[in-house]
Amino acid sequence: MDSPIDEVLLDADSDDLTPRGARKRSALLDATFRIIVRDGPGAVTLRSVVAEAAASHGAVKYYFGSTKALIREALKKVARQSIERLSQTWKTVDRETCDPSILARIIAYHSFHDMVEDRRRGIIIYELHLAAARDPSLRPIIQAWGRGYVSVVQGTFKKLGSRDASADAALLTNLINGLVISQLALPRKDFADSILRRAIERFLRSMSGTKPKRDE
């Protein structure tokens, strides 16, 4: 499989930095993430990032050019991390049979760990999606993120019987996102198994044409 990381998501600017410069740039991104979690992307300004990172006033402009570019790079970083984490999870799938119940548990655990247990990361992901809803210039990054997911899962989905792996991957992503957003807002007990895993398994069985288990 080719690299699931689309060229749109690459961070070419970081290659030209010294180790010290890379650390400073990373610190500005970390400060941006903290602001997003606490106050949302709209609160990311030159002044707020400088204060949060305890950086000089010229640092954001030097490393990113503008706060808008900073948001763009933050989104690209989260997208790359998400695709890479899914790729690592999918190595487990390659060692398992293409059974909807097994696959559902793997996907549910991955999603729960990545966006619910790591509540901060879940909030960042959805806040940056909302930022893209307001700013069309961010949408190519969201689209590249989706293509990355498809490139990881499409082989397995085809083995399960999907007639359109790309469309089914998008549907499953939207199903998971909706359930996770609800969980972040209104936490429920046993969400990972009783709600998320069961919903994913129903979707996978529908896609593959296999009958659900009796307890479903």
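Modeller: Happy to! From the N terminus on, the elements run α-α-α-α-α-α-α-α-α, which comes to 9 helices and 0 strands (DSSP runs numbered from the N terminus, H or I of at least four residues for helices and E of at least two for strands). The radius of gyration, taken over C-alpha atoms, is 19 Å, close to the 17 Å that the globule rule gives for 216 residues, so the protein is as compact as a globular protein of that length; the rule is 2.2 Å times the number of residues to the power 0.38. This is a predicted model, where local features need pLDDT of at least 70 and side-chain atom pairs count only at pLDDT 80 or more, while totals for chains, interfaces and linings use all residues. Residues are numbered from 1 along each chain as its sequence is written, and side-chain values use heavy atoms, with hydrogens and water left out.

Of the 216 residues, 45% count as buried, meaning under 20% relative accessible area with a 1.4 Å probe, protein chains only.

Leaving out residues up to four places away in sequence, Phe157 touches Trp90, Leu103, Ser162, Ala165, Asp168, Ala169, Leu172, Leu204 and Met207, a contact being heavy atoms within 4.5 Å. Across the protein, residues 24 or more positions apart account for 69% of the contacts with a separation of 6 or more.

Methods. Buried < 20%, exposed > 50% of the residue type's maximum accessible area, 1.4 Å probe, protein only.
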